[in-house]
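Hi,

Here is the structure I promised to pass on. Have a look at it first, and my notes follow below.

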Amino acid sequence: MHSALKKLDEHFSTSQLHKIEDPMLRTSGVELWIKRDDQLHPIISGNKWRKLKYILDHALCLDSDSLISMGGAYSNHLHALAYVGKLLDINTKGLIRGEPGPELTCTLSDMRDWGMKLEFVSRTAYRELRHYRGHFDLPGLQPNQYWLPEGGSQPLALRGVAEIVHEIVIPYDVLCVPCGTGTTMAGLIASVPEHVSVLGISALKNAEFLNTDVSNLLSRPKINWQINLDYHCGGFAKTNPELLSFIDRFEQSTHIPLDPVYTAKMLFALYNLIEQKTFKPGTRIIAIHTGGLQGKRGFTR
């Protein structure tokens, strides 16, 4: 690993496992644990650092001095990339989906303050950007510039995600993760023992494409995974009263903060599936808290 990145990595905590105690879980006979990746770092929390680490290592080894990526106005990925760029003294540029509002979101303000150049692109142009997957695929890219696709969705990201699995020291049957691009899920699928099932909960509506995207990220076919598409709660970054009520109850009983975009939907789905007796008694589930709590600032009650 590049020396600058290795020094930065030393500032990250180890993610802890937390068992959820709940009368419903005791009645079902199902154990639910959460791997608290939200506690890795006060700013670059969750799976964003996992996915970025080895991509950044590659960029630094190529002597890149500028990182360019894409995301929405509350993008956890761009938020993390901007902060890393500030710490490593590397130029960053974010291609932002949609037209700028009258004021920058709190996420975009952070990114600007950390030195990221913001460029707003139309939704049509943004969709076209998704076609560029390799680190030098973006048209017009200069030799010293490095392109990261949406959410850091590159094969190198899977190497960092694999470290989640390596840190789990208890036996388990199911590993569950929220899905945006499916990159984190692909990394988990590639790394878990053969007897473990990986369950993804889509945060997006009409996300059947995730099955193809995850398959394309895997170096060889695997059959121990599935993506549930039924708990998007109206679409990406959308909520409904049931989800918001669940967040309130969960946070009050566990004191674990949730983001409404990803982890809350995953846990909402798991509780519902457990109540429906989807899992056999004796099943131990580990759910990955993917962080993203900075984005919670964009939600009002």
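At what angle do helix α3 and helix α4 pack, and how far apart are their axes? The angle is about 45 degrees and the axes of α3 (residues 47-61) and α4 (residues 76-88) are 11 Å apart. Axes here are lines fitted to C-alpha atoms over the stretch in contact, with angles from 0 to 180 degrees between N-to-C directions. Residues of α3 including Trp49 and Leu56 meet residues of α4, among them Ala80 and Val84 (contact means heavy atoms within 4.5 Å).

A word on the ground rules. This is a predicted model, in which local features need pLDDT of at least 70 and side-chain atom pairs pLDDT 80 or more, while totals for chains, interfaces and linings use all residues. Residues are numbered from 1 along each chain as its sequence is written, and side-chain values use heavy atoms, leaving out hydrogens and water.

Now the sheet: four parallel strands form an open one, ordered β5-β4-β3-β6. Its edges are β5 (117-121) and β6 (145-147). Helices (H or I, at least four residues) and strands (E, at least two) are DSSP runs, numbered from the N terminus, and strands pair if DSSP finds at least two bridges between them. Five bridges join β4 (residues 91-97) to β5, where valine 121 partners arginine 97.

Arginine 97 also lies over the face of tyrosine 126, 5.1 Å from the ring centre (CZ of Arg or NZ of Lys within 6 Å of the centre and within 35 degrees of the ring normal). Lysine 48 does likewise over tyrosine 262, at 5.4 Å.

Best wishes
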